[in-house]
Amino acid sequence: HMRVSAVRVEVARSGVTAERVDQQVFRVPQEEKGALLMALLSDDDASTLVFTRTKHRADKVARAVERAGHKVARIHADRSQNQRQQALEGFRDGRYRVLVATDIAARGIDVAEIGHVVNFDLPNVPANYVHRVGRTARADASGVASSFVSPEEAPLLRDIERFTRLSIARAEVPRTSPAFEAEIAKSDRVQSTSARRRGVGIRGGR
């Protein structure tokens, strides 16, 4: 007699985000996103996958993360297959704590336990949000997905919430975090220096 073993297969409906992911939204001006990322990175030591919309932004974010003392790698369309492979392997084995990626390059990312997915920029396509946050909560791990939403990205957030049929929890921006304050002070110094070079008066308070 042939034994038949039943196999249970679960398929997520399109537009459904992974259930074990804690999702949160930070409403923050574009120029404070870098400071917010540093504050979240200083909170714990979880492996963190950061999504940006463009290659240029990915490079900029990676440089800032490195300056803040975190091991970081990046993957985007201008990186060779070899560079992407090395970045991915380094992230997988813990050599890099942070991986900065664009959607185009993120297709092949398969890392078992990513603690934190950060949407530095919201994706233009709601389905990409589902793919991004699904990168965390693989296997039995649960993860956190944080989205940074500037005022001009509010319509994208509405589209994502409609698509996923979820109202994503709003989180408090940790403006009193030392890492947040240090990053804001750093960018103020850079701006005032470049303003001086251009002979422009230094702007008043934020």
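Start with how far the contacts reach along the sequence: in this predicted model, counting contacts in the protein chain between residues at least 6 apart in sequence, 74% join residues at least 24 apart. The elements behind that fold are seven helices and seven strands, and reading along the sequence you get β-α-β-α-β-α-β-α-β-α-β-α-β-α.

The protein chain has 206 residues, and 44% of them are buried. Its accessible surface comes to about 12,000 Å², with carbon and sulfur atoms holding 49% of that.

Let's zoom in on one residue, arginine 132. You'll find arginine 132 in helix 5, which spans residues 126-133.

What does arginine 132 touch, once you skip residues up to four places away in sequence? The list runs Phe51, Thr52, Asp103, Val117, Asn119, Asp121, Leu122 and Pro123. Two of these partners deserve a look at the atom level. With asparagine 119, arginine 132 makes a side chain to side chain polar contact of 2.9 Å. With aspartate 121, the side chain of arginine 132 goes to the backbone oxygen instead, at 2.8 Å.

Definitions and conventions. Residues numbered from 1 in each chain as written. Predicted model: local features only at pLDDT ≥ 70, side-chain atom pairs only at ≥ 80, totals over all residues. Heavy atoms only, no water. Helix = DSSP H or I, 4+ residues; strand = E, 2+ residues; numbered from the N terminus. Contact = heavy atoms within 4.5 Å. Polar contact = N/O pair within 3.5 Å; in protein donor to acceptor, adjacent residues only side chain to side chain. Buried < 20%, exposed > 50% of the residue type's maximum accessible area, 1.4 Å probe, protein only. Areas by Shrake-Rupley, 256 points an atom, 1.4 Å probe, with all protein chains shown as cover.
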